[in-house]
Amino acid sequence: MAPSCGKNAGSDIGDDGECDCDPNDPDGKGCHGDGFAPRSGATWDEVREMAADVSDPRIALMLEVAIWPIALQAAGAPIRWMAMEQPSNLPEEILDDLQIEFECAEWFYTSREIMEAADYGLPSRRKRVYMIASRTYTPTVTRRIRPLPATSMAHALGWKPGERVNTRGNRPIDPTTGRAKGGNAFSADGPSWCLTGKSRTWKRESDGLRLTEAEAGLLVGFRRTYPWQGSRTSAFQQPRTSSPR
């Protein structure tokens, strides 16, 4: 694992405390002439121990995004770039820290952006943050070339216009709005709400039919015939943690 700039970095640190490397090195090798990152001598467990005191253990998984590419670099692998996808509510502080770690290991170019699936024609909403880091060139998170028409949930599933989806069962009615409290229904004439494991309880209001595993997969970009496995609960958790092929 490569050290942080302020830790065992030796001559790579300038008088101002910053990494004193040239990001415009034509060979893409920065301070280390062989292109390798300096080894810190830390074990895998010692590196991961740095995130042991986080409030949520899941946050520590973000460290893996830096561990693997920088460790490969330290081992001499010809790695040049990495890309990651994470939930859009990932704190900016974590993204900033990841960028700093990469820069200190001579990954001088990073780019990140929050992207909405419905903006790219998917019939469901899902925001994700994408980050690309590169050692040799300035990366850009891909943007759509032209606006794509929105795809409605009803159109994707072959439903008639005017259908509504109930997400939380029968809820108390708000006398002021005349709608169920808690926002438990939405129109299928637009992109679906973001699917989670709890989407297994969604049902069409007109006839009470529940959303199927195949329909849930279709809404997030999978083909209808994709072979989901396990119980209904397990099957509905799989689309939200997988990527279409």
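Serine 192 sits in the loop between strand 5 (185-187) and strand 6 (203-204), with helices (H or I, at least four residues) and strands (E, at least two) taken as DSSP runs numbered from the N terminus. This is a predicted model, where local features need pLDDT of at least 70 and side-chain atom pairs count only at pLDDT 80 or more, while totals for chains, interfaces and linings use all residues. Residues are numbered from 1 along each chain as its sequence is written, and side-chain values use heavy atoms, with hydrogens and water left out. Here's a quick tour, starting with that serine.

**Around serine 192**

- Serine 192 has 0% relative accessibility, so it counts as buried; the cut-offs are under 20% relative accessible area for buried, over 50% for exposed and partly exposed in between, using a 1.4 Å probe and protein chains only.
- Setting aside neighbours within four places in sequence, serine 192 is in contact with Pro123, Ser124, Arg125, Met153, Phe186, Trp202 and Leu219, where contact means heavy atoms within 4.5 Å.
- Valine 220 is 28 residues away from serine 192 in sequence, and the C-alpha to C-alpha distance is 9.5 Å.

**The chain overall**

- The protein chain has six helices and six strands.
- Going along the sequence, the pattern reads α-α-β-α-β-β-α-β-β-β-α-α.
- Of the 245 residues in the protein chain, 38% are buried.
- Take the contacts in the protein chain with a separation of 6 or more: 58% of them come from residues 24 or more positions apart.

**The 1-3-2 sheet**

- Three strands make an open sheet in the order 1-3-2, with antiparallel pairing; two strands pair if DSSP finds at least two bridges between them.
- Strand 1 (81-87) and strand 2 (109-116) are at the edges with a single partner strand each, so one side of each has no neighbour in the sheet.
- On average, neighbouring strands of this sheet are turned by 15 degrees against each other, direction ignored.
- Strand 1 and strand 3 (residues 127-134) run antiparallel and are joined by seven bridges.
- Two pairs to look for here: methionine 84 has methionine 131 in strand 3 as its bridge partner, and tryptophan 81 stands opposite serine 134 in strand 3.
- Strand 2 and strand 3 are also antiparallel, paired over eight bridges, and glutamate 116 has lysine 127 in strand 3 as its bridge partner.
- Strand 3 is largely enclosed by the rest of the structure, because six of its eight residues are buried.

**Helix 3 and its neighbours**

- The axes of helix 2 (residues 62-74) and helix 3 (residues 92-104) come within 10 Å and cross at roughly 15 degrees; axes are lines fitted to C-alpha atoms, for helices over the stretch in contact, and angles run from 0 to 180 degrees between N-to-C directions.
- That angle makes helix 2 roughly parallel to helix 3, on a scale where under 35 degrees is roughly parallel, over 145 roughly antiparallel, 65 to 115 roughly perpendicular and the rest oblique.
- From helix 2, Met62, Val65, Ala66, Pro69 and Ile70 meet Ile94, Leu98, Glu101 and Phe102 in helix 3.
- The residues of this contact divide into eight nonpolar, no polar and one charged; Ala, Val, Leu, Ile, Met, Phe, Trp, Tyr, Cys and Pro count as nonpolar, Asp, Glu, Lys and Arg as charged, and the others, Gly among them, as polar.

**Between helix 3 and strand 2**

- Glutamate 106 is in the loop between helix 3 and strand 2.
- Although glutamate 106 is not a glycine, it has a positive phi of about 75 degrees.
- Glutamate 106 counts as buried, because its relative accessibility is 3%.
- Tyrosine 109 is in strand 2 and is buried, with a relative accessible area of 16%.
- Tyrosine 109 and tyrosine 137 are 28 residues apart along the chain, with 6.5 Å between their C-alpha atoms.

**The 5-4-6 sheet**

- Another open sheet of three strands has the order 5-4-6, and its pairing is antiparallel.
- Strand 5 and strand 6 are the edge strands, each pairing on one side only.
- Strand 4 (residues 164-166) and strand 6 run antiparallel, joined by two bridges.
- Valine 165 stands opposite arginine 204 in strand 6.
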